[in-house]
Amino acid sequence: MPTQNSNGDGPPTRFAVALFPGFQALDVFGPLDILNLLSKKTPLSLRVLASSLAPVSTATGASGHSVGQAVVPTHTFADCGLDDVEVLLVPGGFGTRDPEVVREVVDFVRDAYPRLRFLLTVCTGSAVAAMAGVLDGRRATSNKRAWAWATAQGPKVDWVRRARWVTDGNVWTSSGISAGIDMMYAFVADQFGEDVASSLAEASEYVRNTDPADDPFAGTVENGVCK
């Protein structure tokens with residue numbers, strides 16, 4: 001059975017994703033494709049947000065990529081209409097390392113969070129949320145290959161290294177890149193029902209990791225500490 005949220009009636013249907021130059025493609029397209037399939041049976045809306053309406057590329061001059069893809073936003077951060085957004089997805093990517101690139105995203109997340117029903121982050125998107133201060137005092141995780149940098153962005157966050165994803169209240173954070181897919185299936189199961197999530201995964205021929213603590217990328221454990 002789906003979990004009802006105290007801040008709304010029934011599962012959320014109004015989603016948005018916040019983009020910035022150098023976002024990681026699979027952080028966005030993995031979770032969004034699950035929503036695409038879900039929308040065939042459950043009417044949903046999606047707003048693609050950025051600082052302007054110019055196409056936003058996965059590649060930047062400093063990212064080292066020789067290829068990339070660009071996405072055209074539907075709304076800017078300034079005119080997105082937060083009353084029409086229940087769930088905000090924040091991806092990670094190389095661009096998160098550049099304070100100027102993510103400055104407007106950080107400000108938007110800080111301002112938007114009190115009005116959201118749910119905040120979902122993928123990979124180093126949790127570092128962006130940490131910069132915004134919305135993870136302070138909460139449990140969260142991030143990409144293990146960027147662990148030292150990501151966790152340094154939120155010294156007041158209770159970072160959980162061995163986790164595929166972490167749920168703390170209305171905030172969901174995942175580990176690196178592909179972990180966002182498992183997190184989104186778990187979110188769909190929580191809100192729309194396990195039967196719905198299972199049918200979507202089967203339609204995608206995807207084998208889910210349903211254990212949030214099953215993280216093969218967390219590293220070995222020495223004296224109780226992941227290395």
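Contact is defined here as heavy atoms within 4.5 Å. The structure is a predicted model, in which local features need pLDDT of at least 70 and side-chain atom pairs count only at pLDDT 80 or more, whereas totals for chains, interfaces and linings use all residues. Residues are numbered from 1 along each chain as its sequence is written, and side-chain values use heavy atoms, with hydrogens and water left out.

Phe187 is found in helix α5; helices are DSSP runs of H or I with at least four residues, strands are runs of E with at least two, and both are numbered from the N terminus. With a relative accessible area of 0%, Phe187 is buried (buried being under 20% relative accessible area, exposed over 50% and partly exposed in between, for a 1.4 Å probe and protein chains only). Apart from neighbours within four places in sequence, Phe187 is in contact with Pro12, Phe15, Val87, Phe118, Leu120 and Trp172. Trp172 lies 15 residues from Phe187 along the chain, with a C-alpha separation of 8.2 Å.

When residues up to four places away in sequence are not counted, Leu88 touches Ala16, Val17, Ala18, Leu49, Phe108, Val109, Leu116, Phe118, Leu119 and Leu120.

Two packed helices are described by the angle between their axes and the distance between the axes. Axes are lines fitted to C-alpha atoms, for helices over the stretch in contact, and angles run from 0 to 180 degrees between N-to-C directions. The axes of helix α1 (residues 25-38) and α5 come within 8 Å and cross at roughly 30°. The contact involves Leu26, Gly30, Pro31, Ile34, Leu35 and Leu38 of α1, together with Gly180, Ile181, Met184, Tyr185, Val188 and Phe192 of α5.

Helix α5 also packs with helix α6 (residues 194-203), at an angle of about 145° and with the axes 6 Å apart. This contact is formed by Tyr185, Val188, Ala189 and Phe192 of α5 and by Glu194, Asp195, Val196, Ala197, Leu200 and Ala201 of α6.

Pro43, in the loop between α1 and β2 (45-50), is exposed, with a relative accessible area of 68%. Pro43 and Trp159 are 116 residues apart in sequence and 35 Å apart in space, C-alpha to C-alpha.
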